[in-house]
Amino acid sequence: MWHCLNVVCGPEGRASGVLLRAGEIRVGHELARHRRTTAKHDRELAKGPARLATALAIDRALDGTDACVGPDSPLSVLTGTPVPADRIRNGPRTGVGGDGAVHPWRFWIDGDPTVSPYRAHTPRKRRT
């Protein structure tokens, strides 16, 4: 239904990926707006995992791409300066219940307007 951007940072066969949940479009606003016509404000262009992928034209064609090699690396478009450690927050993953809810595996930059709000897990009623 939607594409998301996962960066795998470990050996094959070992769970070690990171889902990038949001970002700030700093260059190419017009192109991102063309891809995300429903965004009301620039801060919404890449707010949320599927919106981020859509704004950056991420799709299955990039599966298995080495993001760290060469000038044509997909990560070469990332710019900016490192965020001070005291602005980085963590907590439970949004919308995840069970054992996943107790691990602080969601990271975000405090006060960043592109970060999706936390949404607690709501168990679905089982049909009988």
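How many helices and how many strands make up the secondary structure of the chain? The count is two helices and four strands, where helices (H or I, at least four residues) and strands (E, at least two) are DSSP runs numbered from the N terminus.

**Before the close-ups**

This is a predicted model, so local features need pLDDT of at least 70 and side-chain atom pairs count only at pLDDT 80 or more, while totals for chains, interfaces and linings use all residues. Residues are numbered from 1 along each chain as its sequence is written, and side-chain values use heavy atoms, with hydrogens and water left out.

**View 1. The whole chain, for orientation.**

Reading from the N terminus, the elements go β-β-α-α-β-β. The C-alpha trace spans about 50 × 40 × 40 Å along its principal axes. The accessible surface comes to about 10,100 Å², with 54% of that belonging to carbon and sulfur atoms; areas come from the Shrake-Rupley method with a 1.4 Å probe, and for residues only the protein chains shown count as cover. Of the 128 residues in the chain, 20% are buried. Here buried means under 20% relative accessible area, exposed means over 50%, and partly exposed is in between (1.4 Å probe, protein chains only). Take the contacts with a separation of 6 or more: 42% of them join residues 24 or more positions apart, a contact being heavy atoms within 4.5 Å.

Look at Ile58 and you'll find it touching His3, Cys4, Leu5 and Ala53, once residues up to four places away in sequence are set aside.

Glu30, Arg33 and Asp42 are linked in a network of salt bridges, each bridge being a side-chain nitrogen of Lys or Arg within 4 Å of a carboxyl oxygen of Asp or Glu. For Arg33 and Glu30, the closest N and O atoms are 2.4 Å apart. Both of these residues sit in helix H1 (residues 29–35), three residues apart, or about one turn of the helix. For Arg33 and Asp42, the closest N and O atoms are 3.0 Å apart. Glu30 has 60%, so it counts as exposed.

**View 2. Asp63 and Arg60.**

Here's another salt bridge, with the closest N and O atoms of Asp63 and Arg60 lying 2.6 Å apart. Asp63 counts as partly exposed because its relative accessibility is 46%, whereas Arg60, at 60%, counts as exposed. The total for the model is four salt bridges.

**View 3. Thr114, tucked under cover.**

Is Thr114 buried or exposed? Its relative accessible area is 6%, so Thr114 is buried. Thr114 belongs to the segment after strand E4 (106–109). Its side chain makes a polar contact with the side chain of Asp112 at 2.6 Å. A polar contact is a pair of N or O atoms within 3.5 Å; within protein, one must be able to donate a hydrogen and the other to accept it, and residues adjacent in sequence count only if both atoms are side-chain atoms. Leaving out residues up to four places away in sequence, Thr114 touches Ala22, Gly23, Glu24, Arg43, Lys47 and Gly48.

Beyond its neighbours within four places in sequence, Tyr118 is in contact with Pro92, Arg93, Thr94 and Arg106.

Val83, Ile88 and Phe107 make a nonpolar surface patch of about 270 Å². Patches are made of residues with over 30% relative accessible area and no salt bridge: like charges are joined within 9 Å, nonpolar side chains (Val, Leu, Ile, Met, Phe, Trp, Tyr) within 5 Å. Ile88 is part of strand E3 (residues 88–91), and its 42% relative accessibility makes it partly exposed.
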